[in-house]
Amino acid sequence: MASQTPAPQQADQQLKLLVRFVALIAGAVVLVAVGTAASSGVDSRTALQAVALTALITFASLTSVRVRVGSNNLDVTWADSALLIAAVLLPPQWAVLCAAVGITIEKSTRKLPPIKFVFGVAKGIVNCAVAAVTLALAGGAADPPLEHLGPLALAYLAALIADEMTIIPVIALATGTSMRDRFLADLDLRLGSAFVRFAVAVLTLAVLGAEPQLLIAIPAIVFSLHLTYRGRLRARAERLAWQQLAEATDAMNVVQMETVLHTAVRNGARLFSADRVEIEVCLDGVQQSVHGTQSAITYHGRPDQSPADEATTAVVPLIGDNDGERVGELRLCFQVPVALSEREQFTLRAFAGALCTAIRNAASYAQLEQMAGQHQHDATHDLLTGLPNRRRLQLDTEDALDRKRGGRGVTALLVLDLNHFKDVNDALGHGAGDQVLIAVAQRLSAAAGDETLVTRLGGDEFAVLLRNLPAPALALYQAEHLLSTLHEPVDVDGMPLVVSASAGVATGPCEGGFVELLRRADIAMYQAKRTGRSVAAYAPDNDTADRARLVVGGMLPRAVAEKEFILQFQPIVDLASGEPISAEALARWQHPDKGMVDPRSFLGSIERSGLLTAFTDAVLDQALAGAARWRELGCRWPVAVNISPRSLLDRRLPALVTRRLDDHGLPGDALVLELTESHTVSQLDIVDKVLAELAELGCMIALDDFGTGYSSLSVLSRVPAKELKIDRSFVTQMENTPSAAAVVRSHLELGRHLDLLVVAEGVERDSQRHMLWDLGCTAGQGHLFAKPMPIEEVLALISADDGPVRLAPPLHDPNAVVRMPAKRSPGRTPRASGTTGSNGG
């Protein structure tokens, strides 16, 4: 048991002084009463009344209700009723003497400590003296006494106040509570019982005045009232106990172990009126003990191994309901031996069960919190070296680059890579390599300053974040200083190994944030390796990466999801008549912020991403929708769509094309699939199956940019093509370059022998049109005829008149030209007027 603290010792001293003061006043009162009684004498009637009233006071004091407050038992008695009767019927000195004798007899029947015995007798004497003196000063009791109740009420009130003024401070000091709390405790019940006791005193006086023989009934009445009062007091105590138990258990529903224990100590002391509560917990190998009272926690630390006093301590083990595991014990400590009532024992077991549950919950939460903290640490730290990892580096770098958060100075990022580290792993094993990495991490961390974050990116690559540098040049100096720490050999199992490194430095802020800063530092590091230097700073001239393409690639998923891609259509015309025979659908990206994006910047990224199928589907849907609309106007032009060679590796492509054709009610020959020759097209068997299925649908295959690849003839031998498109580079140069003209001529010869339609791309001048016609080319595409246009302009062009659509004047008089049947006859269908469009040659 812990020794008393200075505060309880001071309270004991104050309590003893107060009891001595009350006893001194009572002794003085008794001396005055004895002297007055001896000088005035006594008659037989007064003597008999004194004896009877002494017996009444003794009986009324014995009829008590005991209430425990801490280690102290308080007795609520009917003595004040008997004292008031004595003060009315006897002279003041005899009333005081009767009170002294009667209360002394009653206290002698109980085994009380001397201080309680003295205080109980002295308090009764003082109360009786106050009542007698007040009654005498008020003119004495009337005869009969009930004629004027005012003096009686005044005397009883004075005695009641005197009783409260003496007992409340004593209880407050003995229990360590405030006088205010003790005064308010059960105030309504105390006032009610005081009124009842006053009424009993008045009733007794009335009975004695009317018929003294009826006095025999008074004890029975008093006893009945006593039982009623005791029942109400116990019901009140039980109701208050359950309410306090509910409040105490609710207060323990927290997740912090310290809060649970401290709350349980304070509430337990109040709930069980204990002088001190001790809780000892032993859970998961951790032991702790908490001691305290209602008002304060006096100890929290390791358990005290000294045994508890069984006589003054109630011990309850804390055992889990489910597994029966003992997690500790709860101890209620009192200054003197105290016997808990049955209700208190039941409440104590309920409180201990709730406390055990709260302790287990708090321990579980602490474990979860520890695991969460460990996971959070592991998520931002490297397991081998203990250094922060890339994620932590990114968070801190973004914070340092954010000027809104008060970033000062220059932020620099250093990427460091060990030279020839693979040789260490190969020669000595990965264990030796790990030792080297740990040693490097320790040296870099030791050399880093407060504003420096050393991290491991992975493998033998480290990154160092330098914050708040006064000038960019200091970043190189800091890098050189960090690398100098690696000059000393690293001891690996007794073998000294020389470690060297190359580092690259990039300073921020820069557009693109952490990702761009890390990329620049990485480029600088490889530049240092190539040049043989230890440290190199990032230089834009050495950066060959196409960052714009990377940025565009990052926007593509949202662009596909939001359907930001639109189509424009460029007609393919009959060179002789100038009439369209088909239209090529060209994808355009209408970015909400950047406007129209160059196709060359995103088509390659789409091919390399997982968005190719979704993009192809969206283009096919829009292209076939446009073809369906101009078919409604009578034009049977097919629409040409560019297909990536990678799409031919997807076995789902034929099903995708079929679904889109069905969606728009179009036959297979309404679609031309333009393919660019590549290794994918010419070498893989799966491509043959996909192309065969597309041909079965009726779709026409066109080879785009023919002649620019390395496998043109091999492609023709495998692909069921119906059309060749001469690349614009040959068309542009054929007038001035004989070799380009020869290529065009060879393409046309090849097309005639293989029965293919040949389309020349990039026709921009009329002279090119004439030359192509003279060489035998019958179809062309280019700005000479029309630029790519939205579908609305295509439809407006068709609706302009009822005759055939002409994008250029005919080369010859139609009546002077004999036309041969064409492979493609997509002209205008007959209208109501009977006019018929021309066919492509």
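The model is predicted, so local features need pLDDT of at least 70 and side-chain atom pairs pLDDT 80 or more, while totals for chains, interfaces and linings use all residues. Residues are numbered from 1 along each chain as its sequence is written, and side-chain values use heavy atoms, with hydrogens and water left out.

Helices (H or I, at least four residues) and strands (E, at least two) are DSSP runs, numbered from the N terminus. Two strands pair if DSSP finds at least two bridges between them. E16 and E18 run parallel and are joined by three bridges. On E15 (residues 565-574), E16 pairs in the antiparallel sense over nine bridges, and Gln570 stands opposite Glu584. Five residues separate E15 and E16 in a hairpin, where Gly578 in the turn has a positive phi of about 80°.

Of the 12 residues in E16 (residues 580-591), 11 are buried (under 20% relative accessible area; exposed is over 50%, partly exposed in between; 1.4 Å probe, protein chains only).

Rings of Phe, Tyr and Trp (its six-membered ring) pair if their centres lie within 6.5 Å; planes under 30 degrees apart count as stacked, over 60 as edge-to-face and the rest as tilted. The count comes to four aromatic pairs, including these:

| Pair | Centre to centre | Between planes | Class |
|---|---|---|---|
| Phe565 and Trp589 | 5.5 Å | 40° | tilted |
| Phe565 and Phe615 | 5.0 Å | 80° | edge-to-face |

Phe565 lies in E15 and Phe615 in helix H19 (residues 612-632), so their pair ties together parts 50 residues apart in sequence. Phe565, Trp589 and Phe615 form one aromatic cluster. Relative accessible area is 6% for Phe565, 0% for Trp589 and 9% for Phe615.
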